[in-house]
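Colleague: Please take a close look at one helix for me. I would like to know what covers it and how it sits against its neighbour.

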Amino acid sequence: MSSLSRELVFLILQFLDEEKFKDTVHKLEHESGFYFNMKYFDELVQAGEWDEVERYLCGFTKVEDNRYSMKIFFEIRKQKYLEALDRNDRPKAVDILVKDLKVFSSFNEDLFKEITQLLALDNFRQNEQLSKYGDTKSARSIMLVELKKLIEANPLFREKLAFPTFKASRLRTLINQSLNWQHQLCKNPRPNPDIKTLFIDHTCASSNGARAPPPANSPLAGPVPKAGVFPPLGGHNPFQPIVSPSASAIAGWMSSPNPSMPHAAVASAPPGLVQSPGAAAAFLKHPRTPPGGPGLEYQMGDSEHLMKRMRTGQSDEVSFSGHPPHMYSTDDLPKAVVRILNQGSNVMSMDFHPQQQTVLLVGTNVGDISIWEVGSRERLVHKTFKVWDLSACSMPLQTNLVKDATISVNRCIWGPDGSILGVAFSKHIVQIYAYNPAGELRQHLEIDAHIGGVNDIAFSHPNKQLCIVTCGDDKTIKVWDAVSGRRQFIFEGHEAPVYSVCPHFKENIQFIFSTAIDGKIKAWLYDCLGSRVDYDAPGHWCTTMAYSADGTRLFSCGTSKEGESHLVEWNESEGAIKRTYSGFRKRSLGVVQFDTTRNRFLAAGDEFQIKFWDMDNNNILTVIDAEGGLPASPRLRFNKEGSLLAVTANENAIKVIANSDGQRMLRMLEGRAFDSSRGFPEAVNIKPPFSGSLGPNVSNPIQPVLDHSERMQTPLSIGNLAAAESSKMADTKPKILENADKMIAWKFPDVTESTQLRAIRLPDPLSASKVVRLIYTNSGLALLALASNAVHKLWKWQRSERNPSGKSTASIMPQLWQPSSGAPMSNDINEAKPAEESAACIALSKNDSYVMSASGGKVSLFNMMTFKVMTTFMPPPPAATYLAFHPQDNNVIAIGMDDSTIQIYNVRVDEVKIKLKGHQKPITGLAFSQALNVLVSSGSDAQLCVWNIDGWEKRIARPIQTPSGQSAPLAGDTRVQFHNDQTHLLVVHESQIGIYDSQLECLRLWSPRDSLSAAISSAIYSCDGLLIFVGFSDGAIGIFDVDGLRLRCRIASSAYIGSSISSSGAFPVVIAAHPTDSNQFALGMSDGSVHVIEPSDGEPKWGGPVPQENGSLPTIPSNSALNSQPSETPSR
């Protein structure tokens, strides 16, 4: 449930309480689970109404949720048992013992026996531990004190014990405001209007006594709000010029969607800056909602954004040509068998890495998981099943494993960015591993998730937080925090084991589809209000659901118990089947598996073959048998780009089938592996320092680690075939360590010519002004710049045959977008201070629809589709200098100010919650870490501060490290950025770049010298966290390895500006890293230009190793100051 819907519940609770509907108040508290009324709970306990006590508690927690909950229920039931004994009601005591207390025997059998023995005593006070038990009233009071402590300590009750503070009769006030506003809009307003109903909008033009028919429902979003409802942000309605949106009205857009992710098991959405209206919410409507009724009027706060785009009226969207239609042929389908991998046991599940297109994850029927590099046919990782911590497992699982140790993988899947993977097993367990680019797996989470088998696992991003979604034989769907493993939601309602889950979102409405083996399809929002859908899947048995890659089309495939298979496309607006695909065997031998690719094709394994369909044609497109040897219903999985298809085969094999692009990609890998086998017979791998996004796994930051068990994996895609590693590294032998001093030094590339890279200067007919802020959109489709004159500029790449993805590239020139009015998107400025002298800041919403920005004046919120200002707030002084969204609540923004304070501002209520004071000069950098639960700030005083985001108290304050040869203390703008692991911090100052840990201890530091001696102007991590792009005030660019801060490549300004222009003194004021391409970056220059830079076709990665004599792999000796640019070891 969205934050606005949550607040509506609180308003209703207040209204019910004021109207004295006491029972209804507590029932709503119980059913919503938003507010635990401690006073009401106290009254129930003191009155001994134990059944009502437990019923009320169950709205917030269950016995098995955690140790706090277990202790709460135990204390209540124990007190109920003792009171029955005290009344000499032995039958009641025995009943309580058997029905209520026996559940705890599996956790503490001795305690249960001791409680049972109390039945044999004439007075239970004869037990030494109960000798001080007084009368019933005092015992309840003592217990209540203990219960309150347990409830306050229980994380499930966090933020549920205090009722929000707001004025009395707030709901009535809002209704009166709405009526007054409606009356103002009447064409002929009467002086004393007679309001007789709230069921329709008020108007003086017609009789209010009779009820008008309800407004027509949109088939997509439910009832569209009329003019009598406050308009959502940017809504195009005729009254917007009269009533402008308030600052607090911007909450609706804050809960933004996830980034696009591969395959249906990960929540995905259409990429793009301006998305077409999608069919989202209607499929989530509960079928019992009466037609025309207000079924979705308050469905979610973000639904306002969806509904306002359904309105009629002239569009203000930016004028630009649409995308060309998809142009595909059957030649795009994988048909040629290029690899046969011998897994060794029966393959149950497969999934390609979302970025490394040739890395395949495999799970088997004996519980093993493997990771294959398809290009080299190498098995990078092989893990046999074992329980990591048996003591933490539930007793049913321990008993099950003792009786039968066999276990199978039901599903294995990569996380959205490939830094983690999840495995669902046939008994209770889910295991989550962290994966780094070196091919190393690290145990992250083991969850005893379900009673019985865990049938499916997926990842989603509700509330911007990575979560794990599971389903199982216990008929439930559960959502878990991917960092802590804490359960967040449990969805109950299926009447049979749940077979599959499919998280997704449309227009910011996040939901989960689930299917059960009785053929029921249900859909759930992330709330506690039950399923929104109850439909029957064709076949009424095992069914899986999946979206097309762009998230716009929904498909399901299933098989009945009789063997009849059904592949269909759903009409989400109607909740009905739109298209049924023909061509299945009448009696399929097993459950048919399917997959989608390229937003165009469907594939399913049936009749010992792979069958393909065009999504827009009911009939089979083509069939292949993969050279024979397939099982009756083979399992299959496409890689993200559809160039490879993995298919299970007989004799525990996996066949990899490729199209022409896939074959070319594998040939490139083979050629490089062949060159490597000739030139590099024994290679050393250097382990990257950070493992992934879930937590630290840091190797020694001072000395590279040589490890024979790791193989460096590099993302490889059709769009950038050359991005493979320049050599395939073999296992390291111990003698490499002995001969390390004989290795030839790595000479870093010095790029001075335009032919050595790909670079474009973006077109800009507007007047040039220094670029002070530059960011890519989260989709990677566009680039947004803010100039010193407070004007924003947006460049977007168009989809074409040369660039089918439409992502930014240095090979194709983008177009500068302009609104139809021609007016640029400009910030409010401070009349007392020129914009060129004011600090500028910018932050982009996750769905790329809105941008928040300031240039010395008020903070402005812009609609990126219309380039219009939605609202402004926080006028100076002081002026905003930096903006950062809270990682857990996008309605909360940390705003750095030029008076050295940090204001924690709540957008929804238009209120500054707290001011943080710890710096002496203006704030120049802010970075949140959700893993550490902190905000790190930096300022022009070269100080760093760490703030706890729970209570906003300051944890640590420390000046940045002073490089050797410079005098302390330092001063000047300092910027900060967290690494992908959310633990290590990049600190940027004109004198240095440094890697700091969570205690602000400097682990590595590099300062300008030798060929890069000018002051540092900007720096940023690459999207994969393996590189740092650094700009210098002389126009040069340095590209550094995160591991050791060693220089990989130096780019002279002449290479991307041109030698004739580079003498002008222009330099990069700001650098932006592409969100998915780890080798692409953009430069915002002091002369107002913007450049996009990539490696050349011949050198797919920055500073890749060059061929060495004698075939030895180059290393980086620490004594080469000129070539290797070693970083300093901090003195601290």
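Modeller: Buried in α4 are Trp50, Glu52, Val53, Glu54, Tyr56 and Leu57. This is a predicted model. The helix is mostly covered, with six of its eight residues buried. What do those buried residues pack against? Their partners are α2 (22-32), α3, α5 (67-86) and α8 (136-153).

Take α3 next. Helix α3 spans residues 38-47 and helix α4 spans residues 50-57. They pack at an angle of about 150 degrees, and their axes lie 8 Å apart. Angles over 145 degrees count as roughly antiparallel, so α3 and α4 are roughly antiparallel to each other. Their crossing is left-handed.

Which residues make the contact? From α3 come Tyr40, Phe41, Leu44 and Val45. From α4 come Trp50, Glu52, Val53, Tyr56 and Leu57. By class, the contact holds eight nonpolar residues, no polar ones and one charged residue. Glu54 of α4 is buried. The α4 side of the contact with α3 consists of Trp50, Glu52, Val53, Tyr56 and Leu57. An α-helix has 3.6 residues a turn, so residues three or four places apart point the same way.

A word on confidence. Mean pLDDT for the protein is 78, and 78% of its residues reach 70 or more. Over residues 206-326 the pLDDT is below 50, and this stretch has 297 contacts in the model beyond near neighbours in sequence. Residues 1105-1132 also stay under 50 in pLDDT, with 74 contacts beyond four places in sequence.

Conventions:
Residues numbered from 1 in each chain as written. Predicted model: local features only at pLDDT ≥ 70, side-chain atom pairs only at ≥ 80, totals over all residues. Heavy atoms only, no water. Axes fitted to C-alpha atoms, helices over the stretch in contact; angles between N-to-C directions. Helix = DSSP H or I, 4+ residues; strand = E, 2+ residues; numbered from the N terminus. Parallel < 35°, antiparallel > 145°, perpendicular 65-115°, else oblique. Left-handed = near helix turned anticlockwise from the far one by under 90°. Contact = heavy atoms within 4.5 Å. Nonpolar A, V, L, I, M, F, W, Y, C, P; charged D, E, K, R; others polar. pLDDT = per-residue confidence, 0-100. Buried < 20%, exposed > 50% of the residue type's maximum accessible area, 1.4 Å probe, protein only.
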